[in-house]
Amino acid sequence: GEQWLYSRPDFSKIPDITSDRIDKVLLHIPILNDSSENVDVYIPQKRFCTFGSTWNKKVNASGKVASSNNNGRYITIDVTSMFTNRTERTLVYNEGLILKKPKGKNNFIAISTGDCYSAPQILEIKFKK
């Protein structure tokens, strides 16, 4: 069946760079199987919470905003435009991302979630002081 992964960064963990000019933000997600598949990236239409979530009560997604790149070990998504202010280029609060495997693909991709300690997701932020 279809699976969605909701993910939201916690910028309160990096308060020392929230006002710095951001050049690029990349999300690297470890691939846990040998899949060469990619995922499509969407923005949630409103805030979501995983507690009590069901398929029937899911938060819907906006239109597709990006796709990932798969290098065999990580899926990488350029989230710069989603996580930064367009004029000041600083980090902005947002409702996160929804990751979906493109429709019509039969293979699955096993990826790490944000709470995985053995293969954590990495948010790479390039900035200028």
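This is a predicted model: local features need pLDDT of at least 70, side-chain atom pairs count only at pLDDT 80 or more; totals for chains, interfaces and linings use all residues.

Student: Is His28 buried or exposed?

Tutor: The cut-off for buried is under 20% relative accessible area. His28 has 16%, so it counts as buried.

Student: Where is His28 found, and what does it touch beyond its sequence neighbours?

Tutor: His28 belongs to strand β2. Setting aside residues within four places in sequence, its contacts are Tyr74, Ile75, Thr76, Gln121, Ile122 and Glu124.

Student: How should I read the strand itself?

Tutor: In a regular strand, side chains alternate between the two faces of the sheet. Here, β2 is mostly covered, with 7 of its 10 residues buried.

Student: Which strands are joined to β2 by bridges, and how many bridges are there?

Tutor: β8 is joined to β2 by 7 bridges, and the two run antiparallel. One of the pairs is Lys24 with Lys126 in β8. β6 also runs antiparallel to β2, with 5 bridges between them. On that side, Tyr74 in β6 stands opposite Pro30.

Student: Gln121 was among the contacts of His28. Where is Gln121 found?

Tutor: Gln121 sits in the loop between β7 and β8. Its side chain reaches the backbone oxygen of Ser112 at 3.0 Å. Beyond four places in sequence, Gln121 touches Leu27, His28, Ile29 and Pro30, and its contacts also include Leu5, Ser7, Ser112, Thr113 and Gly114.

Student: How do I read a nonpolar core?

Tutor: In soluble globular proteins, nonpolar side chains tend to be buried together. The largest nonpolar core here has 21 residues, and Ile77, Val79, Leu97 and Leu99 touch the most other members. Two or more residues each come from β2 (21-30), β6 (74-78), α1 (80-83) and β7 (97-100).

Student: Which element gives the largest share of this core?

Tutor: β2 does, with 4 residues.

Student: What does Ile77 touch?

Tutor: Not counting residues up to four places away in sequence, Ile77 touches Val25, Leu26, Leu27 and Ile29, among others.

Technical notes. Residues are numbered from 1 along each chain as its sequence is written. Side-chain values use heavy atoms; hydrogens and water are left out. A nonpolar core is a set of buried Ala, Val, Leu, Ile, Met, Phe, Trp, Tyr and Cys residues joined through side-chain atoms within 4.5 Å. Buried means under 20% relative accessible area, exposed over 50%, partly exposed in between (1.4 Å probe, protein chains only). Contact means heavy atoms within 4.5 Å. A polar contact is a pair of N or O atoms within 3.5 Å; within protein, one must be able to donate a hydrogen and the other to accept it, and residues adjacent in sequence count only if both atoms are side-chain atoms. Two strands pair if DSSP finds at least two bridges between them.
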